[in-house]
Amino acid sequence: MALKISIIVAFSFLLMLATTYVAQSLTVDIKKFGAPNGDITQAFLNAWKEACASTSFAKIVIPKGMYKMREVDVKGPCKAPIEIQVDGTIQAPADPKQLHGADKWVTIGYVSHFTFSGHGIFDGQGAYAWKANDCGLNQNCVRHSMNFGFNFLNHSTVRDITSKDSKNFHVNVLACNNFTFDGFKIIAPATSINTDGIHIGRSTNVKVLNTKIATGDDCVSLGDGNTHLVVKNVECGPRHGISVGSLGRYDKEDPVDDFLVKNVTIRGTQNGVRIKSWPSYPGQTTVTNMRFEDITMVDVSNPIIIDQEYCPWNQCSKKIPSKVKISQVTFKNIRGTSATKEAVKLICSKSYPCQGVELSEINLTYKGGPVTAICTNVNPKVIGKAPRCTSPSSSSS
């Protein structure tokens, strides 16, 4: 009897704690701070300040509706877990100058246990910026604002939010740990120049799950210093694909290790899954444990590519080989259609040939027929059905 009473008392105590936690949680409606002419810039900053100071869980709510917002940069650390729930549409100024040279339109940093949720849309209104973009020809070009910057976040999630028509990259992830995108959406036309979907740098345990990315550049791209990354159940197209790199352009780049791409559909892109590094630059780093598995290609020009002679718009010389070391790369169960006959291109560095590359069950066709593979400075292991390598000089076009 005494034991039963003790259990009831303990359960009641836990219930009281849970009830107290819920009662003390804070909800901050953005409308509390007003929105003159529909502009919620200051309201967003005020809401963050209040929520971040809360000693219990706090949620900022942006309800359905149309809003305008200029650049915002909010930081922690916050005193408790914090969530931003957006169900409205928020527009950036169409004129890039009205973002006052900010690298990102929305920057969130130095927070743990952060959640970005809701079915809202962040519309970067990037069409004007795309027309003015000359970065392909001018290395000193003006780079316009990205939609999102997530910096130094830990144990955090972005769920169901949509990024639309960013002026530059949609998302830049920097120095984050245990950070997940789930049900995220990216929307922009193929003509949106330099609008990488999600670019990840110097981060650990980042996952991109159940996400649709349609933009004018890489769907997902990796910079240096990344470890333990997963891209799974993702739809990618129409411009480029999923890229590791480019790497080697700068001195003292950190290694990239353990990247899994699985259950992905890549549709109508220039490249499928790609590792790329610059020749003739000083950067010397390593890329290892790359796994590309269970991928469907639909009319992709270069479905499988390692390019260690990456030199867009002839910005460098290819005479000095890349110093990036690539090893332990698996391409497994990749199927579908290629827009070119040379569906597999493995162009590795003469100074540091690729090691441990495996082609396993590559079932790609070109106009209903077989595809070919060209390889330099690499001797891939072939398992099951896969095109055998030829050198570029003897390969068919």
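## Confidence, surface patch and salt bridges in a predicted model

The protein chain has a mean pLDDT of 92, with 92% of its residues at 70 or more; pLDDT is the predictor's confidence in each residue, from 0 to 100. The model is predicted, so local features need pLDDT of at least 70 and side-chain atom pairs count only at pLDDT 80 or more, while totals for chains, interfaces and linings use all residues. Residues are numbered from 1 along each chain as its sequence is written, and side-chain values use heavy atoms, with hydrogens and water left out.

Over residues 5–9 the model has 0 contacts beyond four places in sequence, a contact being heavy atoms within 4.5 Å. Over residues 12–23, where pLDDT also stays under 50, there is 1 such contact.

On the surface, a nonpolar patch is formed by Tyr 110, Phe 152 and Leu 174, which together have about 260 Å² of accessible area. Areas come from the Shrake-Rupley method with a 1.4 Å probe, and for residues only the protein chains shown count as cover. Patches are made of residues with over 30% relative accessible area and no salt bridge, with nonpolar side chains (Val, Leu, Ile, Met, Phe, Trp, Tyr) joined within 5 Å and like charges within 9 Å. Tyr 110 is placed in the loop between β7 (104–109) and β8 (114–117); helices (H or I, at least four residues) and strands (E, at least two) are DSSP runs, numbered from the N terminus. With a relative accessible area of 42%, Tyr 110 is partly exposed, a class between buried (under 20%) and exposed (over 50%), for a 1.4 Å probe and protein chains only.

The whole structure contains 11 salt bridges, each a side-chain nitrogen of Lys or Arg within 4 Å of a carboxyl oxygen of Asp or Glu. Three of them are tabulated here.

| Salt bridge | N to O distance |
|---|---|
| Glu 50 – Lys 32 | 2.9 Å |
| Asp 73 – Lys 75 | 3.2 Å |
| Lys 164 – Asp 123 | 3.9 Å |

The pair of Glu 50 and Lys 32 links helix α2 (residues 41–53), which holds Glu 50, to the loop between β1 (26–29) and α2, which holds Lys 32, across 18 residues. Glu 50 is partly exposed at 28%, whereas Lys 32 is exposed at 54%.

Asp 123 is buried, with a relative accessible area of 9%. Salt bridges with shared partners join Asp 123, Lys 164 and Asp 165 into one network.
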